[in-house]
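Me: Hi! Could you walk me through this model when you have a minute?
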Amino acid sequence: MKRTRTAIESGPAARLIGRRSAARAGVTRRRIMTVIGFTAALVMAVTLASPVAPAQAAKYPSWQDLQNAKSNTSAARAQVAEIRSLIAGLQTQVAETRAASDARAAELEVAQDDLDEATRRAESLQAQADESKKTADAATRQAGQLAAQLYRTGGTDLSVNLFLEGEASGKGADELLSKLGSMSKLVERSADIYDQAQTAKNTAQALGDQAKVAKAEREKLRRAAEDALVAAQAAADAAAGALAESEDKGVELAAQLTFMQDTEAKTAEGYRAGVAERKRLAAIEAARVAAARAAAAAAAAAAGGGGGSSGGGGGGGDWVSPAYGRITAGYGPRPRICSSGGCSSSYHSGTDLATGCYAPISAAHSGRVVYAGRLGTYGNYVLIDHGGGVSTGYAHIRDGGIFVRNGQRVGTGQAIASTGSTGASTACHLHFEVRVNGGRINPVPFMGARGAWLG
């Protein structure tokens, strides 16, 4: 497994996160460029640099090498030192790739927060513009009605008509003055309404222009967040690969080190047999887990035509609730939550379901997995793209509880994971998200509109 080691771990990402308290407009523009810069750097690092991992750069000793060195004291000491160095190298590789993965996850979380804030701002401006336009239209109609009333009452020159009417009779001066006063008020009222209409129209135009700018900014942030997601998945894959390599090769290296330090051991045969047996048992366990996952997925598909463990509709076309459990936290502002896995945002971007530990999690709808792995304060996380700009996210999955992989197609209600308490979490639960065009929205009304109620 190649190790991804970039030169960007202490670059703009750390500075980006540290400037969260700066003026929002300037920070947003800098974050766009930072995330895009990180993505380009990561892609270049992966595709061009591709540093060689320790497993490829170093020549691991064979058991025969150890057997040959066993009888020579100086050679044995050298072999022990080499094995220790290789073990340390594997541990360093894991630490470095995990740190790089955490950095990419932090960048993605910042990019996603910025996108959500830009989305809310654009939607707010557009709503204000639409409301101001309604006010302008209503005022314009009212001004027109008053103008028509004036015309019907006095023709083209109401004041002249009223004057002639009073002069002809020679009487009713008080009535004339009353009519003139009413006409004056009517004209004044009409002018006021027209001014209101014009003001509302100008406000609507200004807000509409601001909304256009905000939408353009949001589109930039959306692309930046998409690039950050790709970078985060690549970093997570590299970290998972480094960990798997370390666990696999580390077992054998540890056994070899023990053999070299065991003065009583004359041959490597027993140690080789022990390593082989452990690998055999590990393969059996892996096959058992895979079979259990396949059986769970098959049972979910059979339980209602694809409805799965959540009891949703079938055929891959309906939406289903991703898990059972009451709602413990809704969408919107809330105090930050801190745990050993980090601190959450002050804006809760999804709905929390109290499922309990190891509860099954189902795909809310059919689609393609676009992220599967560890992701910052989300802990273990799965993101599924359902097409049409809609995706759903599932966070705080237990370690070892992700049953799908990046790029995999899944059906509605398919078992994709089981709940845990990883990341910024204080108890086992499912944090469920719905995203539309990249921005996170309230899942409850969205799911309810599709007949899949949460809680």
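Here is a short chat about the chain, some of its strands and its cores.

Me: Before we start, what kind of model is this?
Reply: This is a predicted model, where local features need pLDDT of at least 70, side-chain atom pairs count only at pLDDT 80 or more, and totals for chains, interfaces and linings use all residues. Residues are numbered from 1 along each chain as its sequence is written, and side-chain values use heavy atoms, with hydrogens and water left out.

Me: Thanks! How many helices and strands does the chain have?
Reply: There are nine helices and 14 strands. Helices (H or I, at least four residues) and strands (E, at least two) are DSSP runs, numbered from the N terminus.

Me: And how much of the chain counts as buried?
Reply: Of its 455 residues, 42% do. Buried means under 20% relative accessible area, exposed over 50%, and partly exposed in between (1.4 Å probe, protein chains only).

Me: Let's zoom in on strand 8. Why is it largely enclosed by the rest of the structure?
Reply: Strand 8 covers residues 367-374, and six of its eight residues are buried, so the rest of the structure largely encloses it.

Me: Which strands does strand 8 pair with?
Reply: Strand 8 runs antiparallel to strand 9 (residues 380-387), with six bridges joining them. Two bridges also link strand 8 to strand 11 (residues 409-410), again antiparallel. Pairing here requires that DSSP finds at least two bridges between two strands.

Me: What sits between strand 8 and strand 9?
Reply: The two form a hairpin with five residues between them, and Gly 376 in the turn has a positive phi of about 55°.

Me: Switching to cores: how many residues are in the largest nonpolar core?
Reply: That core has 25 residues, and Val 382, Ile 384 and Met 447 are among those with the most contacts inside it. Strand 10 (390-402) is one of the elements giving two or more residues to this core, and it gives the most, with four. A nonpolar core is a set of buried Ala, Val, Leu, Ile, Met, Phe, Trp, Tyr and Cys residues joined through side-chain atoms within 4.5 Å.

Me: Last one: is Lys 212 buried or exposed?
Reply: Lys 212 is exposed, with a relative accessible area of 59%. Lys 212 belongs to helix 7 (residues 173-261), and its C-alpha lies 8.4 Å from that of Gln 126, 86 residues apart in sequence.
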